[in-house]
Amino acid sequence: MEAKKDWIKDLVIYQIYPRSFQDSNGDGIGDIPGIISRLDHLSDLGINAVWLSPVYRSPNDDNGYDISDYQQIMEEFGSMQDWDQLCLQCHQRGIRVIMDLVVNHSSDEHPWFEMSKSSRSNEKSDYYIWRNPKDGKEPNNWASVFGGSAWEYVPQRGQYYYHLFSKKQPDLNWASPQLREEIFSMMEWWVKKGVDGFRVDAISYLDKPLDFPDSPAPPMPDGYSPSGCLVNGRPGTHGYIREMNRRIFSPFNILTVGEVAAADTEELTRYVATGREEFDMAIPFVPPVVEINEWSPGKLREEIARSYDALKQDGWWARFFSNHDKPRQVSLYGNDQEYWEISAKMLAMLLHFLPGTPFVYQGEEIGMTNISFSSIEDYNDPDAKNTYRQMLLTGASPEEALKQAQMVSRDNARTPMQWDSTPNAGFTTGTPWLGVNPNYRHINVQSQKQDPFSIYHCYKSLIALRKTSPALSRGDLEILEVPEDTLFVLKRSCPEETLFSFHNFSEHPVKIPASLIPDTAQPLLSSYDRQGGYRGDILRPYESVIFRLPAGE
Ligand code: NOJ
């Protein structure tokens with residue numbers, strides 16, 4: 001068997017949100033044949049793994065993160081034969097296939113739930129979390145992430161079931177050994193079909209405090225209190241993850257990425273330090289509103305330093321600025337107006353310079369930006385709709401509520417992929433399920449492929465560089481001390497090679513402190529290549545440069 005850690009370190013993972021990637025049959029919804037038709041794009045970019053957001057059968061309350069059959073494909077996305085073709089064609093191109101695995105909860109339309117809710121004494125009665133009413137009401141004050149109570153009453157049982165997310169996403173009861181067996185055998189079935197890894201959804205919530213105490217958190221405007229602090233990262237959850245690792249991850253040598261809500265680096269490390277035998281990498285989940293309000297370059301630099309120190313001996317990093325739950329990275333961390341192209345390249349150059357496995361979220365490679373729909377009706381994301389409702393409850397005007405929803409909505413990342421400048425950006429010949437960003441006329445794959453200085457070509461160069469650079473794929477990281485919080489000066493080195501980089505994380509020019517890097521360092525790539533490249537001394541807004549030291553220095 002090939003050495004596991006080695007292939008993980010050489011991956012660049014491309015995340016596909018299938019609903020928005022490519023429609024093949026004109027129904028306005030992306031599908032698996034559509035993905036197959038775009039594999040040339042992925043090969044051309046140079047990535048060697050795809051992570052598919054869920055493609056399982058689902059009534060789509062949360063776009064597939066509510067699964068009603070783990071061993072069938074969502075009808076709108078195609079058939080199992082289509083999936084088999086996709087897997088085969090990816091493998092033929094040297095692309096690994098990573099499936100999203102959603103096992104904190106299922107859909108309420110899963111046959112397990114349908115049986116479980118039918119009585120208190122059926123064979124799956126303990127597959128979900130059931131509690132008696134308290135004083136004729138919900139068992140406690142917990143809020144669901146998407147608004148309202150986390151409990152839903154079912155008359156057949158005379159009980160409430162618990163759902164951290166929407167009421168159509170009941171939480172599975174991991175304390176049931178029989179349920180765990182069913183999940184492990186389902187995972188084994190996929191691995192035997194050829195899956196190379198799993199990105200495991202919302203996995204830090206598996207174990208619940210069985211006495212379900214009231215949450216001390218202040219209530220939301222609708223009266224219920226967030227319960228994250230009580231259900232997140234409990235020791236029992238780590239036990240279940242280790243069991244998953246023993247039963248499936250390790251014996252089948254697959255790649256695993258856990259999506260975890262972790263308050264700090266220490267907590268994150270508990271999921272990924274090698275000796276813990278849990279995941280290979282973790283994707284920390286931070287609610288968009290928190291990220292938008294609290295993010296700063298200085299904070300980012302500190303986090304990079306802390307997580308590097310924590311894991312450099314015995315762990316590995318998932319590197320990403322974007323996914324389907326976050327605002328578009330160029331809109332959030334860069335400047336999607338005057339410095340759109342330059343700041344998009346700067347972010348790419350920073351991310352791909354860091355140690356760890358880079359993730360590219362669909363559309364990031366062409367600098368896709370946030371969207372602002374003019375009505376809440378145009379949004380699909382349940383989280384955005386909840387934000388809107390909660391704002392109205394606090395007395396905000398509809399305009400203010402819409403503004404907030406526009407800012408935090410996960411739909412910012414979910415508008416259809418912009419392939420070309422034909423109607424609907426070449427995504428569909430029908431009516432797209434979610435509005436296409438009107439800027440597709442100038443931000444699209446086709447035009448950027450033809451332009452050697454485009455964001456797309458910057459990504460291609462970075463991915464190619466990682467493949468040939470031992471310092472980038474395996475080298476040590478040093479973060480050089482500089483006075484400005486907005487300037488990152490990084491060094492990657494290994495016995496064979498030394499690279500340096502500058503990243504100006506601001507709209508202002510910044511002077512490079514003298515003798516930070518040797519004069520002999522050769523610029524390899526710059527976010528200002530279109531303008532002639534690196535000029536030295538003063539970095540322009542969002543300027544980013546990667547240098548290599550001549551061999552032997
Ligand atoms: C995290 C997923 O990334 C998100 O899209 C989803 O809504 C929740 N987990 C619930 O599955």
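Start with the salt bridges between domain 1 and domain 2: the count is one. Select Lys 124 and Glu 182, whose side chains form a salt bridge at 3.2 Å, N to O. The term means a side-chain nitrogen of Lys or Arg within 4 Å of a carboxyl oxygen of Asp or Glu. Before going on, note that this is a predicted model, where local features need pLDDT of at least 70 and side-chain atom pairs pLDDT 80 or more, while totals for chains, interfaces and linings use all residues. Numbering runs from 1 along each chain as its sequence is written, and side-chain values use heavy atoms, with hydrogens and water left out.

Next, colour by domain: domain 1 (8-106 + 177-373 + 416-457), domain 2 (111-162), domain 3 (374-414) and domain 4 (473-548), with bounds from an automatic or database domain assignment. Domain 1 puts 22 residues into its contact with domain 2, which puts in 19 residues (contact: heavy atoms within 4.5 Å). About 1800 Å² is buried between them, 56% of it from carbon and sulfur atoms; that is the accessible area (1.4 Å probe) lost by the two parts on being put together, summed over both.

Now jump to the ligand and select what is around it, including Asp 62, Tyr 65, His 105, Glu 259 and Arg 414 (a heavy atom within 4 Å). The shell divides into three nonpolar, two polar and seven charged residues.

Which side chain has an N or O atom 2.5 Å from a ligand oxygen? Pick Asp 325. Then show Arg 410, with a polar side-chain atom 2.9 Å from a ligand oxygen, and Arg 199, where the distance to a ligand oxygen is 3.1 Å. Finish with the ligand's surface: taken alone it exposes 300 Å², and the protein buries 97% of that (Shrake-Rupley method, 1.4 Å probe).

Conventions: A polar contact is a pair of N or O atoms within 3.5 Å; within protein, one must be able to donate a hydrogen and the other to accept it, and residues adjacent in sequence count only if both atoms are side-chain atoms. Ala, Val, Leu, Ile, Met, Phe, Trp, Tyr, Cys and Pro count as nonpolar, Asp, Glu, Lys and Arg as charged, and the others, Gly among them, as polar.
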